[in-house]
Amino acid sequence: MFVRFGYVAMSTVVSKASPSQTMTATAFARLEDRDAAVRKLERIAEQNLANTLRLLKHNLGHDIRFYRFSSRLIPLVGHEMLAGWDPIPRLAEPFAAIGAFVREHGMRVGFHPDHFTVLSTPRPDVLAHSVADLDRHVRMLESMGLDERAKLNVHIGGAYGDKTRTMERFLRQFEALPERIRNRMMLENDDKTFTAAETLAACEALGVPMVLDIHHHAVNHGGESVAELWPRILATWEGQDVPPKIHASSPRSEQDPRSHADYVHVPDLVAFFREIAEMTPELDVMIEAKMKDGALFKLMEDLEGVEGAEKAGGASIRFSVK
DNA sequence: ACCTGTCAAGTCTGG
DNA sequence: CCAGACTTGACAGGT
C-alpha cells in the first residue's frame, strides 16, 4: 500500500504565512468608506492566496503533495453586510497561479467548508447559506482550473432529535445540489452525531465517496469496527480518479478524548494500516494535528523503523503486512 | 513582544 | 425560550 500524507491549511514551520487572515465584521462596519473597506478585504484575500502559494512551494520542497486549503481565504465573504460583493473574479490571477502550481506538480488539494455549512438543516435560510458556501468553494476550485478530483469534504450535520427523518431530509437536500457541486462532494463521519456506518449508508445512497475519520470513529460509533466497514468505504471510491482518503488525528487526553492532540500517535495509525493494507493499493492520509505540518514531519520520523513501513519520499511510505 | 479577551458561524444543552 | 458552550485561528486592545 502506497500512503501519501498531507496537512491542513496552515504551517507551524513557515512563519508569517497564514492563509486565513481576516477582518472582523465589526471592524469592517466601523470603516466609513465602504469601497475602501471592500478593497481592504480584497487585499487580505490576495495575501491569503499568496501565502497559500508559498505554502504549496514549501510543501513541494518537502515532497508533500496533499494539502487542504483554508476555508477562510476570502474574509467575510458570504456575510450579509457584503451581499452583492463577488471577489472571486477579481482574484482570478492568484487563483489561476495556485491551480497551475497544483497541476504542474501533481498535487491533491481540496476544501473542508466550516461546520456551519449544514445540509441536514430544517431551516431554509441555513440551507441557502450552506449551498451558497458550497457554491463559492466550487467556484474557487474552478477559478484555479482544477477538475473534479479537487473536492469538498463536509459532515452530514445536526440530528435535530430525529436521525431517521433528518437523514431523509439530508439526502433530499443533497440531491437538489447542482451537479457541478455534487460531483465534488465527499462525506465524512463526525465525532458526535453521524457515525461512520451512518455516513457510509448516505454515501452509498448518493454515490459519493466517503472520507473516514479514524479519530471520530473511535469516539462515535455504533459498535462496528473500521475493518468491517472498510471494503464498503473503498467501494465508494470506485470510479474516482483519486485514491481513497482518510483523516488521522489522536485524542488530546483521556479526559478530553474528542479534541485533537498536537501530534499523531503512531501505533493507532499503524494498527489501522495493518487492517486495510492488503485490500488498499493507495491511500491518502490527511493529518489533523495541532502542530500541522510539524506533526507531519514528526510522523515521518516516528515511522522510521516501524515494521512494514518503508519511506517512499518526503511525505509518503510503502506499507506492507508481513 | 506578549497576553487576554473577543469574534464569526449553527447546533445543542442547561436552566 | 434564551443564554452559554462548543471549536478554531486570528483580530483587538491592553500592558
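In the predicted model, 15 residues lie around DNA strand B, and Thr-24, Ala-25, Phe-116, Thr-121 and Gly-158 come nearest; a residue is taken as near a strand if its C-beta atom, placed from the backbone, lies within 6 Å of it. Two elements, α1 (25-30) and α5 (124-143), each give two or more residues to this surface. Helices are DSSP runs of H or I with at least four residues, numbered from the N terminus. The surface near DNA strand B has 6 nonpolar, 8 polar and 1 charged residues. In these classes Ala, Val, Leu, Ile, Met, Phe, Trp, Tyr, Cys and Pro count as nonpolar, Asp, Glu, Lys and Arg as charged, and the others, Gly among them, as polar. Residues are numbered from 1 along each chain as its sequence is written, and chains are lettered from A and ligands numbered from 1 in the order in which they are written. The model being predicted, local features need pLDDT of at least 70 and side-chain atom pairs count only at pLDDT 80 or more, whereas totals for chains, interfaces and linings use all residues.

Around DNA strand C lie Met-10, Ser-18, Ser-20, Gln-21, Thr-22, Met-23, Thr-24, Ala-27, Arg-258, Ser-259 and His-260. By class, this surface has 3 nonpolar, 7 polar and 1 charged residues.

Asn-51 belongs to helix α2 (residues 34-61). Asn-51 is buried because 21 other C-beta atoms lie within 10 Å, the cut-offs being 20 or more for buried, 12 or fewer for exposed, and partly exposed in between, with C-beta atoms placed from the backbone. Beyond its neighbours within four places in sequence, Asn-51 is in contact with Ala-17, Ser-18 and Pro-19 (contact: C-beta atoms, placed from the backbone, within 7 Å).

Leaving aside neighbours within four places in sequence, the contacts of Ile-287 include Phe-5, Val-264, Leu-296 and Leu-299.

Met-167, Phe-170, Leu-171, Phe-174 and Glu-175 in α6 meet Ala-202, Ala-205 and Leu-206 in α8. By class, this contact has 7 nonpolar, no polar and 1 charged residues.

Conventions. Contact = placed C-beta atoms within 7 Å.
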